Amino acid sequence: MTVSATTFAVHDRLTPRARGLLLVLCGAMFLDALDVSMKGVALPSIGADLGLSTGSLQWVVSGYVLGFGGFLLLGGRAADLLGRRRMLIGALAVFAVATALGGFATSGPLLVAARFVTGISAAFSAPAGFSIITTSFTEGPVRNKALSIYTATGATGFSLGLVAGGLLTEVSWRWVFHAPVLVAVATLAGALAVVPRSPAARGRGFDVAGSATVTAAMLLLVFTLVEAPDAGWASVRTLGSLAAVAVLLTAFVVVERRVASPLVRLGVLRSGALVRANVGAMSLLGGWVGALFVITLYLQDVRGWSALETGLAVAPSGLVVAILAPRIAAPLVGRFGSGRVALAGLTLSVAAYALLLFLDASSGYVTLMLPAFLLVGLAFTLTYGPLTMAAADSVPAADQGLAGGLVNTAFQVGPALTLGVVSAVVATGSLQAALVVPLIVALLGVAAMLPSLRRA
């Protein structure tokens with residue numbers, strides 16, 4: 001792979017300037033993860049203050065997911081074509097404004113609209129940050145190390161957000177919006193100072209028709225997955241929406257085959273490593289978000305734990321990633337390959353969800369839940385970073401934003417699909433049966449990554 005002219009790596013070490021760049025990009029990743037987890041634990045307080053029903057309240061989270069999942073592919077390609085620095089800085093500025101607006105919202109619709117815009121901004125910042133790393137650090141151990149630190153930062157932000165969200169909610173739920181604004185402003189200032197300028201791609205037009213069809217398809221797909229548990233998976237509305245998604249995606253493929261400068265170069269999908277990385281991403285995050293949803297209901301509704309206690313209980317999973325991923329993920333990938341390491345991680349997630357099947361009203365935290373959470377942490381340590389490495393290594397530098405958009409889309413679609421199924425099972429009244437869904441999702445990820453065992 002041709003290294004960008006803005007490469008900061010020096011052989012097997014990072015220069016001070018490279019460390020500064022990595023710090024800023026990790027700040028953007030930390031911000032996205034922190035924002036998502038903080039809002040989740042504040043939902044009951046938001047609903048009580050604004051008078052929102054359960055159906056309306058879930059859109060505080062789903063509105064973000066809709067904007068993020070719907071615009072990721074567009075955000076990824078925009079970074080490649082219009083300049084990665086420009087996209088990152090612009091998205092961080094919009095993120096800060098939209099999040100601040102959410103903190104001052106006095107009605108449900110305004111809050112959901114702010115969350116939707118925040119999701120869109122994250123859809124542009126996430127692939128921009130990913131592609132800045134993959135084009136600024138030399139392919140191999142240095143870039144793998146940078147990606148390990150980058151992805152571990154996301155897990156740290158998610159875990160810290162669960163605890164910080166619980167603490168801030170005790171003061172006011174509005175602080176779970178105000179606090180990320182401060183992080184966004186600090187990250188934006190750092191980005192202006194250290195992120196290198198990247199010129200827009202010359203001689204390549206912007207694929208308006210492709211952008212419109214794929215964005216509409218992703219928006220409708222995520223919306224359908226979120227609404228399916230209430231509308232019914234076999235309802236006319238759900239089936240009709242899925243049919244419309246299929247039509248839009250077909251139109252997108254037709255457009256991409258005919259335009260001179262496609263939004264998504266379909267040839268990248270011939271990469272088996274990239275496809276496996278995306279399936280693994282759907283499985284990894286989908287399984288954990290589905291399991292976390294059930295665990296939250298179990299701890300708060302069955303065991304009577306508070307939001308803060310729930311966040312503290314789950315936090316060890318993220319701490320494992322924060323401590324181990326920067327130290328062991330890159331060396332393991334260097335020795336065994338990203339696919340094999342990710343396969344080992346997904347196998348550990350299977351073990352974790354199998355253990356959670358034994359949960360009952362009297363299960364001990366130390367004897368059952370904590371071991372499962374630690375296994376999940378190890379699974380993310382071995383899987384999250386290596387999956388992003390596999391995605392980056394499988395495409396040329398000009399398509400790094402697209403690769404970031406694809407893998408981040410998988411990380412969003414997986415949870416949306418899994419949550420839809422889990423919610424439908426929970427509605428039958430059985431939390432234990434709902435825990436079977438994450439286990440099946442993890443098994444599907446293992447099956448998808450099995451070809452990685454074959455030596456090249």
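Start by selecting L73, L269, N278, L406 and T409: of the 19 residues that line the second largest pocket, these lie nearest its centre. Keep in mind as you look around that this is a predicted model.

With those five on screen, bring up the rest of the pocket. The space in the second largest pocket comes to about 420 Å³. Now colour helix 8 (208-231), helix 9 (236-258), helix 10 (272-302) and helix 14 (400-426), each of which supplies at least two residues of the lining. Helix 10 has the largest share, with five residues. Colour the lining by class next, and you will find 17 nonpolar residues, two polar ones and no charged ones.

Searching the whole structure turns up two cavities of 30 Å³ or more. For the second largest cavity, of about 40 Å³, select F223, T224, E227, A228, A231, R237, T238 and S241, which line it. Helix 8 and helix 9 are the elements that give two or more residues to this lining, and helix 8 gives the most, with five residues. By class, the lining of this cavity splits into three nonpolar, three polar and two charged residues.

For the last stop, go to helix 1 (residues 16-50) and pick out D32.

Notes:
Residues are numbered from 1 along each chain as its sequence is written. This is a predicted model: local features need pLDDT of at least 70, side-chain atom pairs count only at pLDDT 80 or more; totals for chains, interfaces and linings use all residues. Side-chain values use heavy atoms; hydrogens and water are left out. On a 1 Å grid over the protein atoms alone, a cavity is a set of points where a 1.4 Å probe fits but cannot get out, and a pocket is an open set with protein on both sides within 12 Å along at least five of seven lines; lining residues have an atom within 4 Å of a point. Grid points are joined across faces, edges and corners, and a volume is the space filled by probe spheres set on the points. Helices (H or I, at least four residues) and strands (E, at least two) are DSSP runs, numbered from the N terminus. Ala, Val, Leu, Ile, Met, Phe, Trp, Tyr, Cys and Pro count as nonpolar, Asp, Glu, Lys and Arg as charged, and the others, Gly among them, as polar.
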